[in-house]
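Please open the structure in a viewer and keep the selection panel at hand.

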Amino acid sequence: MPLLPGAEPYRRRGGPVGVLLVHGFTGSPQSMRPWAEHLADAGLTVSVPRLPGHGTRWQDLQLTRWEDWYAEAERALLELAAECEKVFVFALSMGGSLALRLAAEHGDLVAGLALVNPSVRSDNPASVLLPVLRHLVPSLPGIANDIAKPGSVELGYDRVPLHAAWSLSRLWKTVQAGMGKVVQPVLLLHSPQDHVVSAGNSALVLARISSTDVTELLLERSYHVATLDHDAGLIFEASLDFVRRLAPAAAVDAENHSG
């Protein structure tokens with residue numbers, strides 16, 4: 001199936017510090033592209049994989065499971081780790097769950113996490129019906145494009161495939177069980193006005209992870225897809241500062257890049 005224009009994976013080689021950026025459920029690399037380009041312009045090596053079933057049509061996502069999405073994120077992490085001295089994982093929404101699992105499973109390979117409105121639990125009481133409903137109804141209305149900024153558009157599906165949504169709920173349970181293994185520094189950025197993921201998700205992350213180096217920032221002017229919203233600049237700069245604090249080589253990258 002042809003890719004939607006703009007949904008292509010993105011990769012740019014830079015210095016010895018790398019960042020893996022993971023998009024959300026029913027979204028695409030398009031939502032992470034400006035963030036990735038900002039980091040790449042600062043001299044970092046960046047990778048934005050396209051998760052299986054995303055960036056084409058929702059029926060393709062219906063055929064995938066969370067293990068497929070995680071496998072692609074893991075492949076991209078190992079690829080970056082093979083060429084970079086340090087690798088960070090930045091993520092939006094469901095990508096936050098995948099990032100937390102990568103950190104829990106790969107320990108020292110992940111130098112730190114920056115999570116934007118991470119999705120780690122269900123807020124919909126009807127989700128308990130998913131195991132049955134997914135066999136009766138193929139999809140429900142989509143969740144993409146929750147953005148406050150006029151004219152800013154997320155490239156995502158207008159339907160949520162329920163087999164994939166059920167698998168997402170299984171991912172959440174797996175990630176919740178392993179969050180105590182996350183010890184890396186964490187930058188958590190979340191929007192008080194998020195119509196897709198409740199504040200309870202970020203609260204759960206803060207309560208469960210074992211990290212002692214945690215910075216929390218509120219994205220007061222943005223909705224769920226904050227990487228394309230009013231606070232995008234804040235996300236980009238705060239995450240770059242986060243990397244430079246933990247990986248001094250990243251600052252050297254920037255000097256070499258500008259020179």
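How many nonpolar, polar and charged residues does the lining of the largest cavity have? The model under view is predicted. To follow the count, select Gly 24, Phe 25, Thr 26, Gly 27, Leu 92, Ser 93, Ile 143, Ala 144, Glu 154, Val 196, His 224 and Val 225, which line the largest cavity. Six of these lining residues are nonpolar, five are polar and one is charged. The space they line amounts to about 90 Å³.

**The second cavity**

The structure holds two cavities of 30 Å³ or more. By class, the lining of the second largest cavity has three nonpolar, six polar and one charged residues.

**The largest pocket**

Next, select Ser 122, Asn 124, Ile 143, Ala 165 and Trp 172; of the 24 residues lining the largest pocket, these lie nearest its centre. The pocket holds about 520 Å³ of space. Then colour helix H5 (130–133), strand S6 (139–141) and helix H6 (162–178), each of which supplies at least two residues of the lining. The largest share, five residues, comes from H6. In the lining of the largest pocket, 15 residues are nonpolar, seven are polar and two are charged.

**The second largest pocket**

Keep H5 and H6 coloured, as each also supplies at least two residues of the lining of the second largest pocket. Here H6 provides the largest share, six residues.

**Helix H8**

Finally, select residues 232–246, the 15 residues of helix H8. From first C-alpha to last, H8 reaches 21 Å, close to the 21 Å expected at 1.5 Å a residue. Which residues of H8 are buried? They are Ala 232, Ile 235, Phe 236, Ala 238, Ser 239, Leu 240, Phe 242, Val 243 and Leu 246. When viewing the selection, recall that an α-helix has 3.6 residues a turn, so residues three or four places apart point the same way.

Key. Residues are numbered from 1 along each chain as its sequence is written. This is a predicted model: local features need pLDDT of at least 70, side-chain atom pairs count only at pLDDT 80 or more; totals for chains, interfaces and linings use all residues. Side-chain values use heavy atoms; hydrogens and water are left out. Helices (H or I, at least four residues) and strands (E, at least two) are DSSP runs, numbered from the N terminus. The expected span of a helix is 1.5 Å times one less than its number of residues. Buried means under 20% relative accessible area, exposed over 50%, partly exposed in between (1.4 Å probe, protein chains only). On a 1 Å grid over the protein atoms alone, a cavity is a set of points where a 1.4 Å probe fits but cannot get out, and a pocket is an open set with protein on both sides within 12 Å along at least five of seven lines; lining residues have an atom within 4 Å of a point. Grid points are joined across faces, edges and corners, and a volume is the space filled by probe spheres set on the points. Ala, Val, Leu, Ile, Met, Phe, Trp, Tyr, Cys and Pro count as nonpolar, Asp, Glu, Lys and Arg as charged, and the others, Gly among them, as polar.
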